[in-house]
Amino acid sequence: MPDVDRGTPGIHRHRPALHPRHSSVWKQRFARCARRRRRARVRGAPRPARGTAVRRRPEHPTLASLLKTVGYDTAMYGKWHCGFLPWFSPLRSGWDEFFGNFSGAVDYYSKVDNSGTHDLYEGEVPVESITYYTETIGDRAAEYVRRSHPVPWLLNVNLTSPHWPWEAPGDRATSAELTARAKAGDTAALFHFDGGTLDIYRKMVENMDRNAGKVLAALRDTGQERDTVVLFSSDNGGERFSYQWPLSGGKGELSEGGIRVPNILRRPARLRSHQVSHEPVVTQDWTATLLELAGARPDPACPGDGASLAGYLLRGEPAPARDLFWRTQAARALRRGDWKYLRGTPDSDDALFNIRIDPREQADRAAAEPALIASLRAKWESINNDLIPYA
């Protein structure tokens with residue numbers, strides 16, 4: 001992606017395995033404290049949909065609320081997807097500003113969600129916009145960067161592209177068709193199983209890149225480029241039109257194709273350019289890293305599950321050694337060093353892979369390493385027992 005790559009000294013390319021939840025970087029935690037949290041469900045809020053974990057209360061510490069304790073202004077533009085009004089909102093979880101959608105996806109032009117409901121908000125007030133969504137978010141983010149900032153700031157730019165529906169800039173006819181179907185009650189319309197092409201997907205990715213470039217250009221033009229930390233990442237692996245060789249699986253799965261995504265980290269004043277790291281991290285590690293870089297600390301009542309990479313990135317220290325945990329309603333995985341324990345479906349056997357030499361996860365070593373897989377399985381069970389169960 002030329003705009004993300006172009007003219008950016010201090011890029012540190014990281015090719016890790018990531019937890020497939022964008023909310024993890026905001027709250028730095030797995031869904032812990034099952035019994036206590038279940039009793040603490042927000043009064044009046046609807047019960048979570050089947051297959052989802054109980055949502056945390058809005059006052060749960062977040063990256064934004066913790067940075068505000070050390071003087072940061074905070075803003076979020078784009079996808080929220082952590083609960084709906086009137087119970088949940090970025091403004092109730094530490095962000096000073098919000099412009100974006102509450103649901104998991106919206107049509108790029110009409111801004112309706114899967115239920116056919118309009119879903120674009122300025123703060124907590126519905127607003128209208130008929131421009132292509134990625135362009136709108138890119139423009140708003142660049143405008144925020146160009147403001148006068150008397151204090152340090154955090155900006156979350158949560159672009160939905162290249163998420164379905166498969167609409168490139170200019171695809172207004174497709175938008176009109178899908179919007180009409182969604183409003184008529186077709187809750188699968190925006191999944192767009194009957195649409196999309198590789199060319200449309202390419203155009204969506206290129207447009208996303210150009211809009212990321214707007215933010216980088218605003219940093220450069222305002223003299224904030226050298227000492228601003230920029231983290232570019234994704235919350236899950238690709239689907240349908242993405243190319244992920246040699247990884248197997250994709251979005252929604254715990255195979256490497258579903259959880260391993262590239263990261264680009266940029267801070268020209270401190271990070272030497274053109275470095276590549278293959279150290280695996282999970283999303284919560286980035287939260288811990290950003291908190292340390294900003295001089296903030298986790299809330300003692302809600303300690304984070306991530307490990308800071310600041311020492312590894314800036315001081316030449318070894319990367320933190322720890323087990324990496326994933327779960328969905330249907331699958332489980334745990335990684336320790338080069339080894340990964342995986343149960344891909346409720347009915348599949350437990351498998352063991354050496355990810356370093358077998359990233360495609362084809363050579364199951366479970367029978368050859370019974371003690372190792374038993375240890376990884378036991379650790380997964382231990383972590384999971386302390387988490388909120390799926391609804």
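In strand β13 of this predicted model, the bridge partner of K340 is F353. Strands count as paired if DSSP finds at least two bridges between them. Helices (H or I, at least four residues) and strands (E, at least two) are DSSP runs, numbered from the N terminus. Residues are numbered from 1 along each chain as its sequence is written. Local features need pLDDT of at least 70, side-chain atom pairs count only at pLDDT 80 or more, totals for chains, interfaces and linings use all residues, and side-chain values use heavy atoms, with hydrogens and water left out.

The pair β12 and β13 is part of an open sheet of four strands. The order is β10-β11-β12-β13, with antiparallel pairing. Strands β10 (324-327) and β13 (351-354) stand at the edges. Each has a single partner strand, so one side of each is left without a neighbour in the sheet. Neighbouring strands are turned by 15 degrees against each other on average, direction ignored. Helix α11 (residues 370-384) lies across β10, β11 (332-336), β12 and β13. The helix runs at about 115 degrees to β11. Axes here are lines fitted to C-alpha atoms, for helices over the stretch in contact, and angles run from 0 to 180 degrees between N-to-C directions.

The loop between β13 and α11 holds A363 and E361. A363 is partly exposed, with a relative accessible area of 40%. E361 is buried, at 7%. Buried means under 20% relative accessible area, exposed over 50%, and partly exposed in between (1.4 Å probe, protein chains only). Leaving aside neighbours within four places in sequence, A363 is in contact with L352, F353 and D358. Contact means heavy atoms within 4.5 Å. The C-alpha atoms of A363 and L352 are separated by 8.1 Å, and the two residues are 11 apart along the chain. E361 has a positive phi of about 60 degrees although it is not a glycine.

H81 also has a positive phi, near 60 degrees, and is a residue other than glycine. H81 lies in the loop between β2 and β3. H81 is partly exposed, with a relative accessible area of 33%. The loop between β2 and β3 (97-101) also contains P86. A cis peptide bond joins L85 and P86, with omega about 5 degrees. Another cis peptide bond joins W245 and P246, with omega about 10 degrees. P246 sits in the loop between β7 and α8 (256-259). Most residues other than glycine have a negative phi, and most peptide bonds are trans.

Strand β7 (residues 230-232) is joined to β8 by three bridges, and the two run antiparallel. V230 stands opposite R266 in β8. Both faces of strand β8 (residues 263-266) are covered. N263 and L265 on one side and I264 and R266 on the other are all buried. R266 counts as buried at 2% relative accessibility. The side chains of R266 and E225 are joined by a polar contact of 2.4 Å. A polar contact is a pair of N or O atoms within 3.5 Å; within protein, one must be able to donate a hydrogen and the other to accept it, and residues adjacent in sequence count only if both atoms are side-chain atoms.

The largest nonpolar core has 30 residues. Y77, V145 and L155 have the most contacts inside this core. A nonpolar core is a set of buried Ala, Val, Leu, Ile, Met, Phe, Trp, Tyr and Cys residues joined through side-chain atoms within 4.5 Å. The elements β2 (73-79), α5 (133-146), β6 (153-158) and α7 (198-221) each supply at least two residues of the 30-residue core. Beyond four places in sequence, the contacts of Y77 include E97, F99, I137 and L155. Another core, of 16 residues, lies apart, with W80, C82, F102 and L154 among them. C82 counts as buried at 6% relative accessibility.

Over the protein chain, the secondary structure comes to 11 helices and 13 strands. Buried residues make up 50% of the 391 residues.
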